[in-house]
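Hi everyone, thanks for making time this morning. I'd like to walk you through one model, so please have a look at it while I talk.

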Amino acid sequence: MGKSKELSTDLKKRIIDLNKSGKSLGAISKQLQVPRATVQTIVWKYKVHGAVLSLPRSGRKCKLSPAAERKLVRRVKSQPRSTKKQICQELEAAGTQVSVSTVKRVLHRHGLRGCHARRKPLLQKRHLKARLKFAADHMDKDKTFWRKVLWSDETQIELFGHNAQQYVWRRKGEAFNLKNTMPTIKHGGEDWVVDAMMYTKRKEGGRGLVSVRTTVQEETTSLQEYIKMMAPTDPLLSECLRQQKPTK
């Protein structure tokens, strides 16, 4: 048998008005074509609660208590790379069986969302100090100084562990917290990389960006050979070659 349709608020009010006027439950049921048991329930609810609107239902009991939810949130904050499946397995081992959807709803309710981990270079304290010192020392340099600087870098970046995308649980604005980032380093290998040197501006007579395709092991040698080859026709590269310290 399907679920019966709930009576409208206007019809419930008519039942209460007829009951107040002195009509019996049977007479009200016959006049409004409503089952007598339904009329009796509406009248009883009005006398007890003073309203004809449906009362809020309790619903199913929560699988996780407030204390268990707080413990779950603390666990995810300390280990943001945990997956929903891992969390479910840990809860099941502790005696609480919940679904993946339940874990997701609890974390969302506390402002934690699954996001891609930002890739950030792995820097030690000495690296951070050196970068900060470089920025402070060169903050007031003018354009003339930077036109004489030769920059070089490679594009290949290898990650610790597997090279797949990783997710972390975090709140908005916490993307670059250390626990929510994915450390990256640049190191050797047999893969091809693209090295590039950049200096001055094209409209000022410079070559702009120069690319050299090479392997990581041959990076320094290839760049030096390129500088030697182009030095006779490029004053900046010639000056760079002259300032290089002789290798022993």
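Let me begin with a single side chain: Glu6 is partly exposed, because its relative accessibility is 46%, which falls between the 20% and 50% cut-offs. Before I go further, please keep in mind that this is a predicted model.

So what does Glu6 pair with? Its salt-bridge partner is Lys12, and the closest N and O atoms of the two are 3.2 Å apart. Lys12 has a relative accessibility of 8%, so Lys12 counts as buried. As a quick reminder, side chains of opposite charge can pair when their charged atoms come close.

Arg109 is exposed, with a relative accessible area of 54%, whereas Glu69 counts as buried at 12% relative accessibility.

Arg75 belongs to helix 4 and Glu90 to helix 5, residues 84–93, so here the parts tied together are 15 residues apart in sequence.

Now over to helix packing. Helix 1, residues 9–20, packs against helix 2, residues 25–32, at an angle of about 140°, and their axes are 10 Å apart. That angle makes helix 1 oblique to helix 2. The crossing of these two helices is right-handed. On the helix 1 side, the contact is made by Leu11, Arg14, Ile15, Leu18 and Asn19, and on the helix 2 side by Leu25, Ile28, Gln31 and Leu32. Sorted by class, the contact has 6 nonpolar, 2 polar and 1 charged residues.

Last stop: Gly111. You'll find Gly111 in the loop between helix 6 (100–109) and strand 1 (113–116). Gly111 counts as partly exposed, at 32% relative accessibility. What does Gly111 touch, leaving out residues up to four places away in sequence? The answer is Arg170 and Arg171. Gly111 and Lys172 are 61 residues apart in sequence, and their C-alpha atoms are 7.9 Å apart in space.

That's my tour, and I'm happy to take questions.

Definitions and conventions
Residues numbered from 1 in each chain as written. Predicted model: local features only at pLDDT ≥ 70, side-chain atom pairs only at ≥ 80, totals over all residues. Heavy atoms only, no water. Axes fitted to C-alpha atoms, helices over the stretch in contact; angles between N-to-C directions. Helix = DSSP H or I, 4+ residues; strand = E, 2+ residues; numbered from the N terminus. Parallel < 35°, antiparallel > 145°, perpendicular 65-115°, else oblique. Left-handed = near helix turned anticlockwise from the far one by under 90°. Contact = heavy atoms within 4.5 Å. Nonpolar A, V, L, I, M, F, W, Y, C, P; charged D, E, K, R; others polar. Buried < 20%, exposed > 50% of the residue type's maximum accessible area, 1.4 Å probe, protein only. Salt bridge = Lys/Arg side-chain N within 4 Å of Asp/Glu carboxyl O.
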